[in-house]
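Please study the sequence and the three-dimensional structure shown here. The briefing that follows treats selected features by topic.

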Amino acid sequence: MIPSPADLTYFMEIAQTQNVSRASERLGISQPSLSLAIRRLEQQLGAALFIRSKRGVSLTQAGRQLLAKARCLQESWEEVQASALASMEKVQGSYTLGCHASVGLHSLKGVIPRLLAAHPQLNLTLKHDLSRKITEDVISMKVDIGIVVNPVHHPDLVILPLCKETEDVLICDPDLAQAQTLMKKLGSMGIKINRVMTSGNLEVIADLTAHGAGYGLLPAQVAARTCKRIVRVPRAPVFYDDHCLIFRVENRAAKSIQAIQKAIKSFFG
């Protein structure tokens, strides 16, 4: 367990004055509170820090070792604290942006170059996965901010709508909720599907569709970007996707998150 910065300060003051009563006066706290802080440190270290006598206190060998390192520990904490505050007040630091690879191919080239040029102290790591997995990772703090499709609502999340997109309707990614919904709609319309070919990559699905391998379940943006020979099937059912930006509630005030949010929303309009 890492010692409390306040407990270290109290310890250093007692070591300097060699008197608990005098240290209590200089620190402006009660003697019982000061003694409790020292007991916490001793319990964490597993050794006594002071030898008490009628004339005051003196350091034990363990106390002398701690005093030699206490200033470094305190300075390290101050650096960590300053860095943490800077991440809330300045656009800097390292952040992870998550999205599906197909969403990234559509949007990131319009976001990242200008974002990084405007903020040279900002570092980004990209993570690509299904939207539901990115959402889970934002909730569990493995990803700082995500561009996702149809996110589930969660009390720890801020969800900002970006745009709506239609998915054209059978080559498909069976793991996508949109594909599962559209397959059900096709069945309810009496359209029978004799064979289904599955792929986990939307660009592969688009390429196969363009070359006559079958019909493809694709987001409209992927179809338009990949091959102009792909056309929408008349009267085919569609699924409306809500593209959203998500991040945890406590990151709302972080300047870096605000900058990333502004850049992404600007791209989507």
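A residue is called buried when its relative accessible area is under 20%, exposed when it is over 50%, and partly exposed in between, with a 1.4 Å probe and protein chains only. This is a predicted model, in which local features need pLDDT of at least 70 and side-chain atom pairs count only at pLDDT 80 or more, while totals for chains, interfaces and linings use all residues. Residues are numbered from 1 along each chain as its sequence is written, and side-chain values use heavy atoms, with hydrogens and water left out. Helices (H or I, at least four residues) and strands (E, at least two) are DSSP runs, numbered from the N terminus.

**The loop residue Q18**

- Q18 belongs to the loop that lies between helix 1 (5-17) and helix 2.
- Q18 counts as partly exposed because its relative accessible area is 46%.
- Contact means heavy atoms within 4.5 Å; leaving aside neighbours within four places in sequence, Q18 touches R55, G56 and V57.
- Although 37 residues separate Q18 from R55 in sequence, their C-alpha atoms are 8.8 Å apart in space.

**Helix packing**

- Axes are lines fitted to C-alpha atoms, for helices over the stretch in contact, and angles run from 0 to 180 degrees between N-to-C directions.
- Angles under 35 degrees count as roughly parallel, over 145 as roughly antiparallel, 65 to 115 as roughly perpendicular, and the rest as oblique.
- Helix 2 (residues 20-27) packs against helix 3 (residues 31-45) at an angle of about 105 degrees, and their axes are 9 Å apart; the two are therefore roughly perpendicular to each other.
- In this contact, V20, S21, A23, S24 and L27 of helix 2 meet Q31, L34 and S35 of helix 3.
- The residues of the contact of helix 2 with helix 3 comprise 4 nonpolar, 4 polar and no charged, where Ala, Val, Leu, Ile, Met, Phe, Trp, Tyr, Cys and Pro count as nonpolar, Asp, Glu, Lys and Arg as charged, and the others, Gly among them, as polar.
- Helix 1 and helix 3 have axes that come within 9 Å and cross at roughly 105 degrees, and these helices are therefore roughly perpendicular to each other.
- D7, L8, Y10, F11 and I14 of helix 1 make this contact with L34, A37, I38, R40 and L41 of helix 3.
- The residues of the contact of helix 1 with helix 3 divide into 8 nonpolar, no polar and 2 charged.

**Helix 4**

- E75 is located in helix 4 (residues 61-89) and is partly exposed, because its relative accessibility is 39%.
- E75 and P5 are 70 residues apart along the chain, and their C-alpha atoms are separated by 9.7 Å.

**Strand pairing**

- Two strands pair if DSSP finds at least two bridges between them.
- Strand 1 (residues 50-53) and strand 2 (residues 56-59) run antiparallel and are joined by 4 bridges.
- A hairpin of 2 residues connects strand 1 to strand 2, and I51 is opposite S58 in strand 2.
- Strand 5 (residues 145-149) runs antiparallel to strand 10, with 5 bridges between them.
- F247 in strand 10 is the bridge partner of I145.
- Of the 10 residues of strand 10 (residues 239-248), 8 are buried.

**Cysteines**

- A disulfide is a covalent bond between the sulfur atoms of two cysteines.
- With a disulfide taken as a pair of cysteine sulfur atoms within 2.5 Å, the structure holds 0 disulfides.
- C99 is in no disulfide, and the nearest cysteine sulfur, that of C163, is 13 Å away.
- C99 is buried because its relative accessible area is 1%, whereas C72 is partly exposed at 47% relative accessibility.
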